[in-house]
Amino acid sequence: MPQLGLLHRRAWAVLVAQLLRPPCEVRLGAVRSHSQQVAEVLTSQLKPQLERSNCIIKTPKGTRDLSPHDMVVREKILDRIVSCFKRHGAKMLDTPAFELKGMLTEKYGEDSKLIFDLKDQGGELLSLRYDLTVPFARYLAMNKVKKMKCYHVGKVWRRESPSIAQGRYREFCQCDFDIAGQYDPMIPDAECLKIICEIISELQLGDFLIKVNDRQILDGMLAICGVPESKFRTICSSVDKLDKISWKDVRYEMVAEKGLAPEVADRIGDYAQCHGGLSLVEQMCQDPRLSQSKQALKGLEDLKLLFKYLTLLGIAEKISFDLSLARGLDYYTGVIYEAVLLQTPSEEELLNVGSVAAGGRYDGLVGLFGHMVPCVGLSIGVDRIFAMVEQKMKTFGERMRTTETQVFVATPQKNFLHERLKLIAELWDAGIKAELLYKNNPKLLTQLHYCENMMIPLVVIIGEQELKKGVIKLRSVVSRKEVDIKRENLVAEIQKRLSES
């Protein structure tokens, strides 16, 4: 659109010329009419160009806008999550939305193909971050950090097929909690699982279960089953699909698509379909084949210790040892976990969002950047949780306020804008969240209806009678009861009522 700059200059010249006229000649209506003329000129000039470009007004595939109502729900979810992180002593961290491409490649196994690459913008090859874990590891290495407990909230991007009904997008928000540093085994890991339990319980998402496994057990299992080491990660990726597709389909993928011998796949199936509690861990320690792997035994011993701590933390009944859990990302080295909701069949049809939290131990990831620091962490799927909460609110017809306005300043009479402005300034200066209508002479009924629609709890009303008496009428929107308050006592009375509500 090469003429757009010229068009803007002409349009603004019209408006500026009007504004520079002598004050006696300038009227609000004239300025407004010229503003409308500018808008009409811009629209008429731009419309043909937009039509020629076939511009479709929509959000990109796999993304969404969040309305003010959506943002209120989202903020409440985030507040509870972050409050839990802070309760466990975490500090806040933030990293750039994009990283050097080399920082992200080869960290995610088969999922690396889902990374969004950016066009070269001056000599650096960049990609949008796929998750918050690799940027955290890069931060630790860059700053030579040896110990750190932190949380990180931000958007990430994945170039996959979205499923809006399941709360799965190409752009979505993650909330991560990570513990970096050398500590005694399984203590930080147990705390991460405790945090997941606390968050899901506080968000009232219903009954849930956290599946737990260990990459050492997985690798040991694959080795004794006869899987070549070069195929460990790709076979792990197949096994990890058992929560979505049947064993028959997983077996077909491993044999027909990934070239695994059928008898090897069958041996994997004997293990991958097992799940239970501490008794299953002890049973696997005695398994004739699995016990031959020192790597698997080390992982099983870690899980035994983990279950001991989980019992002390009071959450062992929420944990299931599940040999099908593989967590496809390459950087996991030890315990891995994933939280799923236990829904009724009718709920699953409406709210099948998959896992709502996941994580694990990644002791070698920071080392890839030249700085060895063992780490363990978790990630909360905010958008999946939001999809659930949103659906439930629609089902039960729940309403939620989109503003935090506490007081509305109203008048029943004309020509009281000046008094309303002075009054609302007092409220703002006292730290009270207040609003008024942007009209000189609004109708009282319109003002009161606005308060009811926006669920504003209090209204202060000023008119001629109130002005003469030196009082302000204070009205409760819910009960509709009114009382006269002395002007000088108004702020204190409002603060008292707000503190009691």
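**Figure 1. Asp 176 stands opposite Ser 379 in β11.** The model shown here and in the other views is predicted. The two residues sit where strand β5 (residues 171-180) meets strand β11 (residues 375-381). These strands pair in the antiparallel sense, over seven bridges. Helix α7 (residues 215-225) packs on the sheet. This helix touches β6, β8 (319-322) and β9. Its direction makes about 55° with that of β6.

**Figure 2. Nine strands build an open sheet.** The order is β1-β4-β5-β11-β10-β9-β6-β8-β7. Pairing in this sheet is mixed. The edges are taken by β1 (91-93) and β7 (275-276). Each of these two edge strands pairs on one side only. Strands of a sheet pair through backbone hydrogen bonds, in a parallel or an antiparallel way.

**Figure 3. Strand β9 (residues 335-341) is largely enclosed by the rest of the structure.** Why can that be said of β9? Seven of its seven residues are buried, so the strand is largely enclosed. Val 335, Tyr 337, Ala 339 and Leu 341 point one way from β9. Ile 336, Glu 338 and Val 340 point the other way. Residues of both sets are buried.

Figure 4. Strand β6 (residues 208-214) pairs with β9 in the antiparallel sense. Seven bridges join β6 and β9.

**Figure 5. Five strands form an open sheet in the order β13-β12-β14-β15-β16.** The pairing is mixed. Which strands stand at the edges? They are β13 (434-435) and β16. Each has a single partner strand, so one side of each is left without a neighbour in the sheet.

**Figure 6. Strands β12 and β14 run parallel, with helices against the sheet.** Four bridges join strand β12 (residues 407-410) to strand β14 (residues 458-461). Helix α15 (residues 417-429) lies across β12, β13, β14 and β15. This helix runs at about 165° to β12.

**Figure 7. Strands β15 and β16 form a hairpin.** Strand β15 (residues 471-476) and strand β16 (residues 482-486) pair in the antiparallel sense. Five bridges hold the pairing. Leu 474 has Val 483 as its bridge partner in β16. Five residues lie between the strands of the hairpin. Arg 480 takes a positive phi there, near 65°.

**Figure 8. Glu 390 is found in helix α14 (residues 382-396).** Is this glutamate buried or exposed? At 18% relative accessibility, Glu 390 counts as buried, because the cut-off for buried is under 20%. Arg 64 and Asp 70 are in contact with Glu 390, leaving aside its neighbours within four places in sequence.

**Figure 9. Ser 67 is found in the loop between α2 (28-52) and α3 (68-87).** Its relative accessibility is 31%, so Ser 67 counts as partly exposed. The C-alpha atoms of Ser 67 and Thr 402 are separated by 9.3 Å. Along the chain, these residues are 335 residues apart.

**Figure 10. The second largest pocket holds about 350 Å³ of space.** Its lining is made by 14 residues. Arg 80, Leu 203, Gln 204, Val 389 and Glu 398 lie nearest its centre. Which elements give two or more residues to the lining? They are α3 and α14. Helix α14 gives the most, with five residues.

**Figure 11. The protein chain as a whole has 18 helices and 16 strands.** Of its 501 residues, 46% count as buried. Take the contacts between residues at least 6 apart in sequence: 68% join residues at least 24 apart. The accessible surface comes to about 26,400 Å². Carbon and sulfur atoms account for 54% of that surface.

Note on methods
Residues are numbered from 1 along each chain as its sequence is written. This is a predicted model: local features need pLDDT of at least 70, side-chain atom pairs count only at pLDDT 80 or more; totals for chains, interfaces and linings use all residues. Side-chain values use heavy atoms; hydrogens and water are left out. Buried means under 20% relative accessible area, exposed over 50%, partly exposed in between (1.4 Å probe, protein chains only). Two strands pair if DSSP finds at least two bridges between them. Contact means heavy atoms within 4.5 Å. Axes are lines fitted to C-alpha atoms, for helices over the stretch in contact, and angles run from 0 to 180 degrees between N-to-C directions. Accessible areas come from the Shrake-Rupley method with a 1.4 Å probe; for residues, only the protein chains shown count as cover. On a 1 Å grid over the protein atoms alone, a cavity is a set of points where a 1.4 Å probe fits but cannot get out, and a pocket is an open set with protein on both sides within 12 Å along at least five of seven lines; lining residues have an atom within 4 Å of a point. Grid points are joined across faces, edges and corners, and a volume is the space filled by probe spheres set on the points.
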